[in-house]
Amino acid sequence: MLLKKYSPYYRENILFDIEDALLDFLTNYTFTKNNDATDIKLSGMSATLNSLRLKKRDDDKDFLKIQVISIKDTEVDLTDNRLVIGELSTQKGMLLVKRSGDGKLNLNTLLPPPAEGDQPKDKTTVGKPWLIVLNKILAEKYSVKAEDQMPYQPVSMNAENIRLRGENISTATDSKGKFSLSLNLNNKGFISADGTVSIDPMSADIKLTAKDLAISPVQPYFTDKIKIIITDGNISTKGKISLGYSKQSGMKANYRGEASLTQFHSVDKENADDFLKWNSLYFNGLDAGYDPFYLNIKEVALAAFYSRLAINPDGSMNVQKIMVEESKPAAPVSKETGP
């Protein structure tokens, strides 16, 4: 089934076009009516979506391309609000995330704004919440391209070879599922994570490994705050993250592990002289938390350190010259008149 043929039915409800997509769908259907009660179920459902391409109408690039998405052994109970996906697999996808100079994110403008006069639904009339269960998921050979036009110099980030596996992901209360994720960042860095995740309540326990994440690609976000240029530097870390969220206490986070900043090199903007550099800055026994915030480090090791810092006559360090001084508002002009 070619989805583009049916665009007159959905075009007014979205702000993007389905440029290409072929859908194959198969299911068993059961309808039972007993007095005033009805029972509607879909079982043995399978579907495959091929060659999906989505593009915003005011853009010349596809923001989403996926070669194939398929689901198998899926059941839907429309009476009891229950969806069980036996297996979801997808391959060779690309997502483009763009932020324009005025701060608008392309993914936040995919639907038209609510019409004037539309009122939010009364939450007291909402029916039974859906129970969603995903027994298996596999997504591989994905990439995400991020383009940010907000900084003075545009920032581009590329995540490639994204691979995600998951088991027993469910919205059921206190249900915990397993997942693993790996990707390459900007052709050099590598990130992998695996652990458990819960949706209700929201929580996660994750083993994280990150290697050789370069600083220079994100320098435009802070370069106007400092008087040096970071020409090199890679961040690596290995540890465990614990996350939790509740409406009563908000977000809580904890990270324990080790971290290092290697091959760091910076130069003075004014004359391009070396300012700070080292081969390795290593933190062991790192314990950091949020809400409440705390930071404990058991061991710090620094190798091949060079600094052009100097001691001023008053005993202070010229490290203060690293930061750009914020402009202060001008003093108010007196408007007093003479006698």
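These legends go with a handful of close-up views of the structure above.

The model is predicted, so local features need pLDDT of at least 70, side-chain atom pairs count only at pLDDT 80 or more, and totals for chains, interfaces and linings use all residues. Residues are numbered from 1 along each chain as its sequence is written, and side-chain values use heavy atoms, leaving out hydrogens and water.

View 1. Serine 280 sits in strand E13, residues 274-290 (strands, E, are DSSP runs of at least two residues, numbered from the N terminus). Its relative accessible area is 22%, so serine 280 is partly exposed (buried means under 20%, exposed over 50%, partly exposed in between, with a 1.4 Å probe and protein chains only). Leaving aside residues up to four places away in sequence, serine 280 touches Leu261, Thr262, Ala301, Leu302 and Ala303 (contact means heavy atoms within 4.5 Å). Asparagine 234 is 46 residues away along the chain, with 9.6 Å between its C-alpha atom and that of serine 280.

**View 2. A salt bridge between two loops, lysine 128 to aspartate 80.** The N to O distance for this salt bridge is 2.8 Å (the rule: a side-chain nitrogen of Lys or Arg within 4 Å of a carboxyl oxygen of Asp or Glu). Lysine 128 comes from the loop between strand E5 (87-99) and strand E6 (131-148), and aspartate 80 from the loop between strand E3 (62-77) and strand E4 (82-85), so the pair ties together parts 48 residues apart in sequence. Aspartate 80 is partly exposed at 34% relative accessibility.

**View 3. Other salt bridges.** The structure has 12 salt bridges. One of them joins aspartate 39 and lysine 41, with the closest N and O atoms 4.0 Å apart. Both ends are partly exposed: aspartate 39 at 26% and lysine 41 at 38%. Elsewhere, Arg11, Asp17 and Arg57 are linked in a salt-bridge network.

View 4. Lysine 277 meets aspartate 274 in a salt bridge, 3.3 Å from N to O. The charged end of lysine 277 also sits over the ring of tyrosine 306, 5.5 Å from its centre (this takes NZ of Lys or CZ of Arg within 6 Å of the ring centre and within 35 degrees of the ring normal). Lysine 277 is partly exposed at 30%, and aspartate 274 is too, at 26%.

**View 5. Aromatic pairs.** A pair of aromatic rings is described by the distance of the centres and the angle of the planes. The rule asks for Phe, Tyr or Trp (its six-membered ring) centres within 6.5 Å, with planes under 30 degrees apart stacked, over 60 edge-to-face and the rest tilted. By this rule there are 4 aromatic pairs. Phenylalanine 16 and phenylalanine 63 have ring centres 5.7 Å apart and planes at 90°, so they're edge-to-face. That pair links strand E1 (residues 16-34) to strand E3, 47 residues apart. Phenylalanine 16 is buried at 14%, and so is phenylalanine 63 at 6%. Tryptophan 278 and phenylalanine 305 have centres 6.2 Å apart and planes at 25°, so this pair is stacked. Tryptophan 278 is in strand E13, while phenylalanine 305 is in the loop between strand E15 (299-303) and strand E16 (306-307). Tryptophan 278 is buried at 10%, whereas phenylalanine 305 is partly exposed at 43%. Phe264, Trp278 and Phe305 form one aromatic cluster.

Definitions and conventions
Helix = DSSP H or I, 4+ residues; strand = E, 2+ residues; numbered from the N terminus.
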